[in-house]
Amino acid sequence: MDDMLKHLTSASQPTVALVRDLGEEELALPTPCADYDVRRLLAHLEWVAETFEAMADKAPRPEQGDYTGDFPERMGRTLTAWTEPGAWEGESPYGMPMSATVNLLLVDLIVHGWDLAAATGRPYRQDEEAVEKALAFTERMAPMGREKGAFGEEVEVPGDAPALDRLLGVTGRNPAWTP
């Protein structure tokens, strides 16, 4: 629990910083997620944070809404919810133990943070340990992720590429993507 909470916290920081730095004029920019511009991707991240807060609190899963501009606050509440030992107990709505499901949040924070950075031309640095943990989980879960439409077809990335590039490739993103 403690290591994963540390990884979630470190992975959330660069993504939250990117979100705080975005200007209104950037919300319509395209992202590596073909169906999302920056505004829709932010709405998705807000929903992800709210969903994982609800899961930690054993509350019903919320509906995805429109962009509200409060991802940093939602992410803060989500991290706080996961400090409670009971958050890690039981099974998630995804049919996995909560302790495994929380890896999905880690992957979303890292990958969608990169999506935002790529869309806006900003640099993006992530904690290497958090990226390695997300990569290991994603490599195991990629077939199911593709089956459920969460990931695109894998993009081939050299085996000696940085872990973030390999994570992006596994999720169907081209690390060299530009708008």
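The second largest pocket of this predicted model is lined by Trp-114, Tyr-124, Arg-125, Gln-126, Glu-128, Val-131, Pro-162, Ala-163, Leu-164 and Asp-165. A pocket here is an open set of points on a 1 Å grid over the protein atoms alone, where a 1.4 Å probe fits and protein lies on both sides within 12 Å along at least five of seven lines; lining residues have an atom within 4 Å of a point. Local features need pLDDT of at least 70 and side-chain atom pairs count only at pLDDT 80 or more, while totals for chains, interfaces and linings use all residues. Residues are numbered from 1 along each chain as its sequence is written, and side-chain values use heavy atoms, with hydrogens and water left out.

**Second largest pocket**

- Its volume is about 190 Å³, taken as the space filled by probe spheres set on the points, with grid points joined across faces, edges and corners.
- Two or more lining residues come from each of α5 and α6 (163–170), and α6 gives the most, with 3 residues.
- Helices are DSSP runs of H or I with at least four residues, strands are runs of E with at least two, and both are numbered from the N terminus.
- The lining has 6 nonpolar, 1 polar and 3 charged residues.
- Ala, Val, Leu, Ile, Met, Phe, Trp, Tyr, Cys and Pro count as nonpolar, Asp, Glu, Lys and Arg as charged, and the others, Gly among them, as polar.

**Largest pocket**

- The largest pocket has a volume of about 960 Å³.
- It is lined by 34 residues, of which Asp-108, Gly-145, Gly-149, Ala-150 and Phe-151 are the closest to its centre.
- The elements that give two or more residues to this lining are α2 (38–56), α4 (98–120) and α5 (128–147).
- By class, the lining of the largest pocket holds 18 nonpolar, 11 polar and 5 charged residues.

**Helix α6**

- Of the 8 residues of α6, 6 are buried, so the helix is mostly covered; buried means under 20% relative accessible area, exposed over 50%, and partly exposed in between (1.4 Å probe, protein chains only).
- The buried residues are Ala-163, Leu-164, Leu-167, Leu-168, Gly-169 and Val-170.
- These buried residues of α6 pack against α4 and α5, where contact means heavy atoms within 4.5 Å.

**Glu-153**

- Glu-153 sits in the loop between α5 and α6 and is exposed, with a relative accessible area of 63%.
- Beyond its neighbours within four places in sequence, Glu-153 is in contact with Arg-146 and Gly-172.
- Glu-153 and Ala-142 are 11 residues apart in sequence, and their C-alpha atoms are 9.3 Å apart in space.

**Whole chain**

- The chain has 6 helices and 0 strands, in the pattern α-α-α-α-α-α along the sequence.
- The radius of gyration is 15 Å, close to the 16 Å that the globule rule gives for 179 residues, so the chain is as compact as a globular protein of that length.
- That radius is taken over C-alpha atoms, and the globule rule is 2.2 Å times the number of residues to the power 0.38.
- Along the principal axes, the C-alpha atoms fill a box of roughly 40 × 40 × 30 Å.
- Of the 179 residues, 51% count as buried.
- Among contacts in the chain with a separation of 6 or more, 66% are between residues 24 or more positions apart.
- The accessible surface is about 8900 Å², of which 49% belongs to carbon and sulfur atoms; accessible areas come from the Shrake-Rupley method with a 1.4 Å probe, and for residues only the protein chains shown count as cover.
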